[in-house]
Amino acid sequence: MEVVRKSANPFMLFMTDYRDELAKRGVRNVPASEISKMAGENWRSMSPKEKLSYQVWASKNKSLNDATRRPRAAESRRRARRQSSTPMGRKSRRGRRRSRTSRSMKPMRRSRRSRTM
């Protein structure tokens, strides 16, 4: 089965460039969490004009990705669940209580006194 990835947002594209830039500068042995923190600080300090190139890049990627993307299996399962007879799909069938009409049709339980005699 082919894995279809979601389109990257502008920050993710910036992160890719930022990691490449760090690699060119020779920064090594830095934990990924630290790199993410540094990138986040840089992203927040960037002006909207500087972010614009990443936003345009992301929108182009999104339009290309959406054109070639097939509906995901999870989405089709969700759609099938919505069309099923129960309101919440399979989960509601597991622990559901019987309706009032089916309970009233049951034979009445005998009292303890009548069982012991």
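User: What makes the meeting of Lys37 and Glu34 a salt bridge?

Analyst: In this predicted model, the side chains of Lys37 and Glu34 come to 3.7 Å, N to O. A salt bridge needs a side-chain nitrogen of Lys or Arg within 4 Å of a carboxyl oxygen of Asp or Glu. The value of 3.7 Å is within that limit, so the name applies.

User: Why are Lys37 and Glu34 said to be about one helical turn apart?

Analyst: Because they are three residues apart in helix α2, which covers residues 32-45.

User: Why is Glu34 called partly exposed?

Analyst: Its relative accessible area is 34%. Buried means under 20% and exposed means over 50%, so a value in between is partly exposed.

User: How many salt bridges are there by this rule?

Analyst: The count is two. Glu21 and Arg25 also form one, with their closest N and O atoms 3.2 Å apart. That is within 4 Å, so Glu21 and Arg25 qualify. Both residues sit in helix α1, four residues apart, about one turn of the helix.

User: Which labels do Glu21 and Arg25 get for accessibility?

Analyst: Glu21 has 41% relative accessibility and counts as partly exposed. Arg25 has 55%, so it counts as exposed; the cut-off for that is over 50%.

User: What about Lys51: how do you know that it has no salt bridge?

Analyst: Look at the nearest side chain of opposite charge, Glu50, which is 8.2 Å away. The limit is 4 Å, so Lys51 has no salt bridge. Leaving out residues up to four places away in sequence, Lys51 touches Trp43 and Met46.

User: How do you know that the length of helix α1 agrees with its residue count?

Analyst: Helix α1 has 16 residues, 10-25. At 1.5 Å a residue, they should span 22 Å. The end C-alpha atoms are 23 Å apart, which agrees. Just after α1, Gly26 takes a positive phi of about 90 degrees.

User: What makes Phe14 and Tyr54 an edge-to-face pair?

Analyst: The structure holds seven aromatic pairs. In the pair of Phe14 and Tyr54, the centres are 5.5 Å apart and the planes are at 85 degrees. Ring centres must lie within 6.5 Å, and planes over 60 degrees apart count as edge-to-face, so both tests are passed. Phe14 is in α1 and Tyr54 in α3, so the pair ties together parts 40 residues apart in sequence.

User: Why does the pair of Trp43 and Tyr54 get the edge-to-face label?

Analyst: Its centres are 6.1 Å apart, with 65 degrees between the planes.

User: Why are Trp43 and Tyr54 called buried?

Analyst: Trp43 has a relative accessible area of 14%, and Tyr54 has 13%. Buried means under 20%, so both qualify.

User: Which nonpolar core is the largest, and where does its largest share come from?

Analyst: The largest nonpolar core has 11 residues, among them Phe14, Trp43, Tyr54 and Ala58. Helices α1, α2 and α3 each supply at least two of its residues. The largest share, five residues, comes from α1. In soluble globular proteins, nonpolar side chains tend to be buried together.

Methods: Residues are numbered from 1 along each chain as its sequence is written. This is a predicted model: local features need pLDDT of at least 70, side-chain atom pairs count only at pLDDT 80 or more; totals for chains, interfaces and linings use all residues. Side-chain values use heavy atoms; hydrogens and water are left out. Buried means under 20% relative accessible area, exposed over 50%, partly exposed in between (1.4 Å probe, protein chains only). Lys and Arg count as positive and Asp and Glu as negative; His and the chain ends are not counted. Contact means heavy atoms within 4.5 Å. The expected span of a helix is 1.5 Å times one less than its number of residues. A nonpolar core is a set of buried Ala, Val, Leu, Ile, Met, Phe, Trp, Tyr and Cys residues joined through side-chain atoms within 4.5 Å. Rings of Phe, Tyr and Trp (its six-membered ring) pair if their centres lie within 6.5 Å; planes under 30 degrees apart count as stacked, over 60 as edge-to-face and the rest as tilted.
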